[in-house]
Amino acid sequence: EQGHLDLLEEVLDVEEHSAMLPAWRVSGIALGFASTFFCPRGMYLTTEAVESFVEEHYGYQIRRLTDEIARGGGKKYAANNNDTGKCDLISKKE
């Protein structure tokens, strides 16, 4: 996860960074607690909904990073962080 975040930090413009990240973290914890507290089955339904969203979101990020790599971005990250699958992809593209 950290490698993924580092790469996104490198390729995103400053105005594209989210100032809402702390709020999202608190909301995630609250959602997890509430869904389990009120209905044990709710945990499974919530997990499925969140994972579906995450898959779609990561798909978008992979497309964005692939485009960035094709344009020559991400080289600094790839040179310094060859320990993740995404970095291996970057290294192969260069």
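A pocket is an open set of grid points with protein on both sides within 12 Å along at least five of seven lines, and its lining residues have an atom within 4 Å of a point. In this predicted model, the largest pocket is lined by 23 residues. The protein has 5 helices and 0 strands.

**Overall build**

- Read from the N terminus, the elements of the protein follow the order α-α-α-α-α.
- The protein comprises 94 residues, and 19% of them count as buried.
- Where contacting residues are at least 6 apart in sequence, 54% of the contacts join residues at least 24 apart.

**The largest pocket**

- The volume of the largest pocket is about 1,200 Å³.
- Nearest the centre of this pocket lie L5, L21, W24, H57 and Q61.
- Helix 1 (2-11), helix 2 and helix 3 (40-70) each contribute at least two residues to the lining.
- Helix 3 provides the largest share of that lining, with 8 residues.
- Sorted by class, the lining of the largest pocket contains 11 nonpolar, 7 polar and 5 charged residues.

**Packing of helix 2 and helix 3**

- Two packed helices are described by the angle between their axes and the distance between the axes.
- For helix 2 and helix 3, the packing angle is about 145 degrees and the axes are 5 Å apart.
- On the side of helix 2, the residues that meet helix 3 are L31, S35, T36 and F38.
- Their counterparts in helix 3 are P40, G42, M43, T46 and V50.
- This contact of helix 2 with helix 3 is made up of 5 nonpolar residues, 4 polar residues and no charged residues.

**Aromatic cluster**

- A pair of aromatic rings is described by the distance of the centres and the angle of the planes.
- The model contains 2 aromatic pairs.
- One of these pairs joins F33 and F37, with 5.4 Å from centre to centre and 15 degrees between the planes.
- This pair is stacked because the angle of 15 degrees falls in the range of planes under 30 degrees apart.
- F33 and F37 both belong to helix 2 (residues 21-38), where they stand 4 residues apart, about one turn of the helix.
- F33 has a relative accessible area of 56% and F37 one of 55%, so both count as exposed, the cut-off being over 50%.
- F37 also pairs with F38, at 5.1 Å centre to centre and with 85 degrees between the planes.
- The pair of F37 and F38 is edge-to-face because its planes are over 60 degrees apart.
- Like F37, F38 is exposed.
- Together, F33, F37 and F38 make up one aromatic cluster.

- L7 is a residue of helix 1.
- The relative accessibility of L7 is 2%, and L7 therefore counts as buried, a class that takes in values under 20%.
- Between L7 and L65 there are 8.3 Å in space, C-alpha to C-alpha, although the two are 58 residues apart in sequence.
- Y58 is part of helix 3.
- With a relative accessible area of 28%, Y58 is partly exposed, because this value lies between the cut-offs of 20% and 50%.
- Y58 and H4 are 54 residues apart along the chain, and 9.9 Å separates their C-alpha atoms.
- L12 is located in the loop between helix 1 and helix 2.
- The relative accessible area of L12 is 22%, and L12 is partly exposed.
- L12 lies 56 residues from E68 in sequence and 9.7 Å from E68 in space, C-alpha to C-alpha.
- Leaving aside residues up to four places away in sequence, L12 touches H17 and R64.

Methods: Residues are numbered from 1 along each chain as its sequence is written. This is a predicted model: local features need pLDDT of at least 70, side-chain atom pairs count only at pLDDT 80 or more; totals for chains, interfaces and linings use all residues. Side-chain values use heavy atoms; hydrogens and water are left out. Rings of Phe, Tyr and Trp (its six-membered ring) pair if their centres lie within 6.5 Å; planes under 30 degrees apart count as stacked, over 60 as edge-to-face and the rest as tilted. Buried means under 20% relative accessible area, exposed over 50%, partly exposed in between (1.4 Å probe, protein chains only). On a 1 Å grid over the protein atoms alone, a cavity is a set of points where a 1.4 Å probe fits but cannot get out, and a pocket is an open set with protein on both sides within 12 Å along at least five of seven lines; lining residues have an atom within 4 Å of a point. Grid points are joined across faces, edges and corners, and a volume is the space filled by probe spheres set on the points. Ala, Val, Leu, Ile, Met, Phe, Trp, Tyr, Cys and Pro count as nonpolar, Asp, Glu, Lys and Arg as charged, and the others, Gly among them, as polar. Axes are lines fitted to C-alpha atoms, for helices over the stretch in contact, and angles run from 0 to 180 degrees between N-to-C directions. Contact means heavy atoms within 4.5 Å.
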